[in-house]
Amino acid sequence: MIPRSCSVFCGSRPGHNPAHMQTARALGTALGEAGIMLVYGGGKAGLMGAVADATLRAGGTVKGIIPRFLEARETLHEGVTDLEVTEDMPSRKARLFEEADAYIILPGGFGTFDEFMEVLVNRQLGLSQRPIIILNTDGWAGPLLALLAATQEQGFADKGAQALYEVVNDVKDVILRLKAPSHV
């Protein structure tokens, strides 16, 4: 059974590597074509906007969740299927986590890392069994993966901690992982 929804954590900026924008669009298209609702941060800019636009173009459903104070700082994506405004960042994150059957991590900044770490800790503590998939386009996640490995090597995480998340290199593999029986 394929998940009904995925939260995608990614940058509100495009970054410098054009491959990241291409991957965001490809992921959005794949989610839309697979009938998986995109749940994301609600903005129109950067990778966030690209994945949302592509999901919509592919006929998919998009739920944006944005805190009230960012309404003025970021351009809201008013074309999404459902736009929810929360009171603050913690309530936004809670809604992003609640609405998803799986999490996909694309390139991004501190907010992306914050969201990734929180879902990772929730899995580690047994509070969630939802899949976490890092889409390592063009090797962007190399430094993050090295940090996670160093954490294990230094004894601050269990030796099996890498089983809490999966790393794939292209969108096709994301969809295959989401359809895998282990993710039911």
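Val121, Leu125 and Leu127 make up a nonpolar patch on the surface of this predicted model, with about 300 Å² of accessible area between them. Patches here are built from residues with over 30% relative accessible area and no salt bridge, joining like charges within 9 Å and nonpolar side chains (Val, Leu, Ile, Met, Phe, Trp, Tyr) within 5 Å. The areas themselves come from the Shrake-Rupley method with a 1.4 Å probe, and for residues only the protein chains shown count as cover. Val121 sits in helix H4 and, at 37% relative accessibility, comes out as partly exposed. On the scale used, buried is under 20% relative accessible area, exposed is over 50%, and partly exposed is whatever falls in between (1.4 Å probe, protein chains only).

A word on conventions. The model is predicted, so local features need pLDDT of at least 70 and side-chain atom pairs count only at pLDDT 80 or more, while totals for chains, interfaces and linings use all residues. Residues are numbered from 1 along each chain as its sequence is written, and side-chain values use heavy atoms, with hydrogens and water left out.

Now for the sheet. It is an open one, with 7 strands in the order S4-S3-S2-S1-S5-S6-S7 and parallel pairing. Strand S4 (82–86) and strand S7 (166–168) stand at the edges with a single partner strand each, so one side of each has no neighbour in the sheet. Averaged over the sheet and ignoring direction, neighbouring strands are turned by 25° against each other. Strands (E, at least two residues) and helices (H or I, at least four) are DSSP runs numbered from the N terminus, and two strands pair if DSSP finds at least two bridges between them. Axes are lines fitted to C-alpha atoms, for helices over the stretch in contact, with angles between N-to-C directions running from 0 to 180 degrees.

Going through the pairings, strand S3 (residues 62–67) is joined to S4 by 5 bridges, and Ile66 stands opposite Val85 in S4. S1 and S2 pair over 3 bridges, with Cys6 facing Leu38 in S2. Another 4 bridges join S1 to S5, where Ser7 has Tyr103 as its bridge partner. S5 in turn pairs with S6 over 3 bridges, and Ile105 is partnered by Ile134 in S6.

Contact means heavy atoms within 4.5 Å.

Thr23 lies in helix H1 (residues 18–34) and is buried, with a relative accessible area of 13%. Setting aside residues up to four places away in sequence, Thr23 touches Leu106, Leu135, Thr137 and Val171. Thr137 is in the loop between S6 and helix H5 (142–153) and is buried too, at 7% relative accessibility. With neighbours within four places in sequence left aside, Thr137 contacts Ala19, His20, Thr23 and Asn169. Thr137 and Asn169 are 32 residues apart along the chain, yet their C-alpha atoms are separated by 5.5 Å.

The whole structure holds 12 salt bridges, each one a side-chain nitrogen of Lys or Arg within 4 Å of a carboxyl oxygen of Asp or Glu. Lys44 bridges to Asp53, with the closest N and O atoms 3.9 Å apart; Lys44 is partly exposed at 41% relative accessible area, and Asp53 is partly exposed at 23%. Arg95 and Glu99 meet at 2.6 Å, N to O, with Arg95 partly exposed at 21% and Glu99 buried at 16%. Asp173 and Lys172 form a salt bridge at 3.7 Å, N to O; here Asp173 is partly exposed at 24%, whereas Lys172 is exposed at 55%. Salt bridges that share partners also link Lys63, Asp82, Glu84, Arg95, Glu98 and Glu99 into one network.
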